[in-house]
Amino acid sequence: MTLELSIQYLMAGITYGSIYAIVAIGFNIIYNTTGIINFAQGEFVMFGGMIAITLLNFMPLPLAIFLAVVITMFIGALIEICFIRWLKSPSVLRMIIITIGISILSREVAVHIWGESIRSLPYFVGNEITSIPILGARISPQVMWVVLVSALMVVCLGLFFKTTSVGREMRACASNRKAATLCGINTRNMVTLSFVLSAGIGALAGCIMSPITYSQYDMGTGLAIKGFTVAILGGLGSSGGAVVAGLLLGVIEAFSVSVVPLAFQDAISIAILLGILFIRPQGLFGSKEAAGLKEY
Amino acid sequence: MALLELKQLHKRFGGLHAVNDVSFQVEPGQIKAVIGPNGAGKTTLFNMISGTFPATSGNVLFQGRELQGKKPFQVASLGMARTYQNIKMFSGMTALENVMVGRHVQSQAGFLASMFRMPWTWKEERDIRDKSMELLTLLEIEEHAHTDAASLAFGQQRAVELARALALEPSLLLLDEPAAGLNIYETAEVGRLITKIRDLGITVLLVEHDMSLVMDISDEIVVLCFGEKIAEDVPTAIQQDPEVIKIYLGEE
Amino acid sequence: MKKLLSILPLLVVVIGVHLLTSATDTMYYLTQMTMSAYYSLLIIGLCVLMGYAGQISLGHAGFFAIGGYLSAALTTRSLIPYQDTLPVKLLDSAGFLLAGQDLYGDSLLVVTPWAACILAVVTAALIAVAIGIPVLKLKGHYLAMATLGFGIIIYRVVLASEYFGEADGISEVPAFVLLPGLSVSGNFGDRVQNYYIAWGLLLIGMVLLLNLMDSRVGRALRGIHGSEEAADAMGVNTARFKLQTFVLSAVFAAIAGVFLTHYNGGIGPSEAGVMKSVRYVAIVAVGGMANLWGALLMGIVLNFLSLRGSFGSYDDAVFGLILILIMLFAPNGILSINVRYRLGQLLGRNKQDREGEM
């Protein structure tokens with residue numbers, strides 16, 4: 001494999017990896033406050049992209065993306081308020097089935113609004129053939145957008161959780177819900193907020209990836225599986241782990257193209273998921289001691 | 001030979017020594033009690049004996065056989081049954097069905113035989129039902145046989161749980177705080193049932209908080225404190241042991 | 001014996017439906033009733049796994065597809081190019097091969113439907129064992145994701161392999177002659193016969209599972225669901241029982257796949273899709289999880305409506321909505337809803353909430 005080709009693969013891997021990491025962080029945010037894995041996480045990404053594409057007919061790109069993110073956050077809040085908020089200590093099985101139902105419903109709503117056609121946002125800068133040469137490989141500027149915006153999201157989220165009082169309240173809620181309630185934190189609102197946040201970052205990811213990977217009504221399930229793989233790989237609940245694992249999975253997937261037929265590419269990440277679940281459910285970086293306390 | 005023998009049993013959770021170097025024996029036919037204040041390591045000890053989790057080091061010998069490394073279902077099939085401090089009923093099943101699950105190791109029918117109702121399973125099924133009913137009668141709750149077990153009163157659930165454990169035909173019965181959550185009357189009742197069980201020739205090892213029950217029914221008592229064995233003797237001697245009194249009544 | 005008697009009313013209904021449709025000249029309903037029966041066979045198997053053994057599977061369409069696709073491929077793909085390899089020779093000497101001609105007059109060498117059926121079901125069972133051993137150690141979200149992942153792998157494999165016809169699937173699957181004069185096929189003339197074959201199979205499956213539930217094994221499974229720790233302490237080898245149930249439900253799914261594929265004369269990748277798996281889970285949930293009769297009833301009703309096209313282009317949406325509504329309002333299944341009690345509870349709850357806020 002030539003150096004240029006390797007760099008090409010590497011950059012493709014990093015691009016996809018950044019998206020997977022963002023989806024995984026979306027899983028983590030909701031998991032941390034509620035203990036729920038939101039199977040509809042991939043649909044937030046789909047909504048973000050699709051809504052932005054529609055809005056683009058009426059307004060400039062930055063505004064369309066901004067509004068798409070806001071609308072998706074609103075959808076996230078709505079979902080939580082309608083389907084999750086008023087359940088009293090539901091069983092895990094029940095929550096799994098409900099979020100799967102939400103995922104299907106979202107997808108069906110999307111197919112009835114937008115149809116089955118594949119769409120995409122235009123490139124933020126230039127077009128498909130604009131490229132920046134890096135070490136002989138030609139890299140699209142959109143890749144830079146994906147990587148930079150993702151990195152920015154991770155940093156901003158980190159700052160949000162560390163420095164703002166709302167962020168700290170959410171973390172308190174994550175580490176001990178009962179204690180947080182006793183301290184006067186409205187844990188229910190924190191749960192809604194976690195849905196809003198993870199819908200928001202999902203939607204933004206959906207917008208920045210759309211020019212490269214396109215948007216379609218049924219893209220959610222595949223993304224959810226990969227995002228979940230990354231979340232597990234990085235240790236469920238850990239954002240840093242999600243970033244590393246996301247990039248790792250993206251790069252592995254990209255390089256596997258040269259070995260495995262494209263049609264089986266999804267199977268690779270799923271095989272990794274199954275492998276990691278069987279061998280090390282606490283993730284690559286999680287500790288075995290702490291994992292012993294959790295139920296897998 | 002002792003029925004059950006613990007040899008220098010040791011359990012560490014991280015830096016905490018939950019059970020530290022505990023050894024004792026249970027002779028066939030006796031009721032032996034393990035007592036100690038909260039956090040003394042009683043339930044941990046039980047969980048190691050019944051195979052719920054392995055010991056950090058040490059041995060558990062049951063009828064001369066090593067139990068370390070065996071899973072709970074394997075330990076059960078060797079003839080050791082147990083109950084739980086917070087009763088674990090099979091919800092959605094009647095009291096009788098709960099006890100019938102206890103006959104599991106005494107019967108054979110597998111998936112195919114059960115699906116096709118092989119003739120030889122008919123007799124087995126009848127035996128399971130009859131034996132289970134007998135046990136409910138022995139424990140004096142036969143009138144609730146067809147009631148959903150989870151909806152029974154707490155004391156009655158205790159009795160069903162005892163019947164379920166007895167259905168295994170165990171040679172050793174482990175009881176984890178059988179009087180927990182019961183009132184004085186019910187506690188006395190459970191005590192009476194336990195002696196009744198011992199009189200059937202079943203050895204009983206129990207962990208208990210309630211001193212009156214333990215002093216009444218046990219033949220021998222082991223006292224644990226912070227994971228260590230500090231005394232082992234007959235009840236009358238334990239009552240006078242200054243070390244034990246210090247733990248239970250505090251210093252000074 | 002009691003179990004057989006409880007099946008009797010159902011048998012009467014089955015015959016009744018046939019007579020009713022023939023009297024009212026609506027025999028075309030029998031086609032969807034036949035297909036619903038096969039889907040319901042999968043569903044009652046899944047019901048035992050989910051409701052009684054308490055293990056969720058989001059990959060059961062995968063087992064259905066393994067059964068359907070393997071029997072379709074084996075009975076249609078010619079083995080002439082591999083005639084000299086050992087496995088083909090073994091099949092041949094066992095009398096499992098059949099020479100024939102395809103539509104264009106080229107000669108074919110394929111596996112007989114019976115042998116293909118057995119091979120397909122055994123393969124499904126073996127895959128279930130291989131997948132089940134690691135997967136069933138997981139719980140909750142992890143189990144759900146792992147089985148979902150398994151389902152997607154099967155979907156990707158059939159979609160990407162030329163052998164399985166890629167996006168077109170496999171068509172022109174021959175009839176499955178069970179006994180002389182009794183064959184599973186979509187032939188117009190065999191419609192009534194096939195209706196009874198499908199329902200006969202479903203009734204047999206139902207009797208077997210009802211027997212199972214009211215036996216040593218069934219009690220152990222329900223015990224595991226009630227309290228896994230206590231069942232373990234009663235000597236129940238929980239891991240083994242879960243695995244056996246998983247395999248049993250996979251076998252039911254594979255048999256349904258084999259028969260329905262012969263009945264339809266083909267199979268396509270949508271049968272392996274995630275949506276199908278989710279739909280099966282939805283139906284078991286609507287039926288009440290640990291309720292074989294509920295699963296059977298809902299399996300027939302919902303599949304029949306869906307196959308009749310009652311839900312139009314909202315087919316998947318309907319099942320998604322059903323899932324959410326059932327889990328929100330009646331997690332014990334639709335048959336458990338006591339309307340007045342529920343209403344009272346809802347009103348009462350609202351009052352309580354308001355008081356809590358004040």
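How far apart should the ends of helix α5 (residues 119–138) of chain B be, at 1.5 Å a residue? The 20 residues of this helix should span 28 Å, and in this predicted model the end C-alpha atoms are 30 Å apart, so the two values agree.

Next comes the question of which way the residues of α5(B) face. B:Thr121, B:Ile128, B:Ser132, B:Leu135 and B:Leu136 are its buried residues. These five sit on the same side of α5(B), because they cover an arc of only 100 degrees around the axis.

Following α5(B) is B:Glu140, which has a positive phi, near 65 degrees.

Chain C itself can be looked at as a whole. Its secondary structure comes to 14 helices and 6 strands, and 52% of its 358 residues count as buried. Its C-alpha atoms fill a box of roughly 80 × 55 × 45 Å along the principal axes. A compact globule with 358 residues would have a radius of gyration near 21 Å, and chain C has 22 Å, which agrees. As for its contacts between residues at least 6 apart in sequence, 78% join residues at least 24 apart.

Conventions
Residues are numbered from 1 along each chain as its sequence is written. Chains are lettered from A and ligands numbered from 1 in the order in which they are written. This is a predicted model: local features need pLDDT of at least 70, side-chain atom pairs count only at pLDDT 80 or more; totals for chains, interfaces and linings use all residues. Helices (H or I, at least four residues) and strands (E, at least two) are DSSP runs, numbered from the N terminus. The radius of gyration is taken over C-alpha atoms; the globule rule is 2.2 Å times the number of residues to the power 0.38. A residue is buried if 20 or more other C-beta atoms lie within 10 Å of its own, exposed if 12 or fewer, and partly exposed in between; C-beta atoms are placed from the backbone. Two residues are in contact if their C-beta atoms, placed from the backbone, lie within 7 Å. The expected span of a helix is 1.5 Å times one less than its number of residues. The arc is that of the directions from the helix axis to the C-beta atoms.
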